[in-house]
Amino acid sequence: MLFHKSTSNLVIRHSNTLLSRTLQNPKRVANVGRGAIRCLNVHEHISMELFNQNGITTPKGAVAFTAEEAEAAYKSMGTPDQLVIKAQVLSGGRGLGTFKNGFQGGVHMISSPSEAFSFASQMLGQELVTKQNPKGILCNRVYLMEKMDIEKEMYLSLLMDRASGGPVLVGSPCGGTSIEDVAHSNPELIFKENIDIMEGITTEACQRMAENLGLSKGTEAHDKAVHLMENLYSMFVKNDCTQVEINPLAQTKQGDIVVCDAKVNFDDNAAFRNKEIHAKRDTTQEDPREVNASKYDLNYIGLDGNIGCMVNGAGLAMSTMDIIQLKGGSPANFLDVGGGATEEQVTKAFEILNADENVKAILVNIFGGIMKCDVIASGIIAAAKNIGLDKPLVVRLEGTNVEKGKKLISDSGIKVVVADDLDDAAEKAVALV
């Protein structure tokens, strides 16, 4: 899920839903900042391996974690005239990015093993600043890839789409550029094929899409594209993907249809079925607070404000953040402990908030239903005693076992500002920062 970091509101969106809505209606585009990833996102080289395992052609490539490995990888590929070296970071806009050491660009052409060593040395261990990640994101591996002799670049994606209630195949003859820009300037060049999840993708749908990509029916390239789409759908379903975005899908001068760059996301809820893929998650690419929270089944997303929030229920959490902003404050996070949180989970939530240097005050807003107020109170007390909670704390409790919860807090001796309602809680939290 991604957060829209507007000063007026905060909107949770699924990244694949955002893409599909953009393609369906180019005028409805959110200004999305970096947020928590609820669908597993893997590095490009892992995606390429998966394509190959499913009969989908990609350029030859090799991953390297050190400069020495990059040099050896170049040699292992037959010492070609040129290769492409790519920084492996989970961010778009790598080519136009800048490393914090001053090295320009995360994608380069190289022409010798020594260049592979030199370029990798300047990328590995450095943070790449991109438009999507202005604070920088660590590059801990590079991917050396065969340079393709490309005749035509196309766009192809397969994603789960709420509007159609199932998978949708999206394509355009204009690949190698921002598909969102194409959707704005030439929406007539965006083509879709809705797929019945029970029936699966049909050969007829693949043939129509191949023609829409500009590949003439009856040609070898057309037939190869149809076969690729059928294999792509099989991979999508088998691996519980939520989105596969290929840009560009290339037609080479030799007539091959090749995936040159791709992004693949997987459903976290299906991790038990695809353990091998989910074991390849690179947590160095994620917010460490969110990684830590996920270990305790806490729904946490870091934001840019200074009032830490702990709430039960996503809707209440969104309302809490909106009211904080309405009162002139700025939320530091989205943290939903859910309906069945234990005292341990609540304590961990406080540890995460307390450790965040940006957090100047903490607001707890609980409407107890399944989540009992006394459990929250016990977690607050445990956190205060075990981790030395030293930031101003505002608590608003309502619902199941509310009186018991309030008594526990009152008898604990910890310093807490008690609020009567959400308006009162937000005003008091803002006043404390």
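This is a predicted model: local features need pLDDT of at least 70, side-chain atom pairs count only at pLDDT 80 or more; totals for chains, interfaces and linings use all residues.
At 44% relative accessibility, Thr79 counts as partly exposed, because that value falls between the 20% limit below which a residue is buried and the 50% limit above which it is exposed.

- Thr79 is placed in the loop that runs between α3 (67-76) and β5 (83-87).
- Asn401, which is likewise not a glycine, has a positive phi of about 60°, and its place is in the loop between β21 (393-399) and α13 (402-412).
- With a relative accessibility of 31%, Asn401 counts as partly exposed.

**A cis peptide bond**

- The peptide bond that joins Asn247 and Pro248 is cis, with omega at about 10°.
- Pro248 lies within strand β14, which spans residues 241-252.

**An open three-stranded sheet**

- Three strands form an open sheet in the order β6-β8-β9, and their pairing is antiparallel.
- The edges of this sheet are taken by β6 (98-99) and β9 (137-139), each of which has a single partner strand, so one side of each is left without a neighbour in the sheet.
- Strand β6 is joined by two bridges to strand β8 (residues 126-129), and the two run antiparallel.
- In this pairing, Thr98 stands opposite Val129 in β8.

Methods
Residues are numbered from 1 along each chain as its sequence is written. Side-chain values use heavy atoms; hydrogens and water are left out. Helices (H or I, at least four residues) and strands (E, at least two) are DSSP runs, numbered from the N terminus. Buried means under 20% relative accessible area, exposed over 50%, partly exposed in between (1.4 Å probe, protein chains only). Two strands pair if DSSP finds at least two bridges between them.
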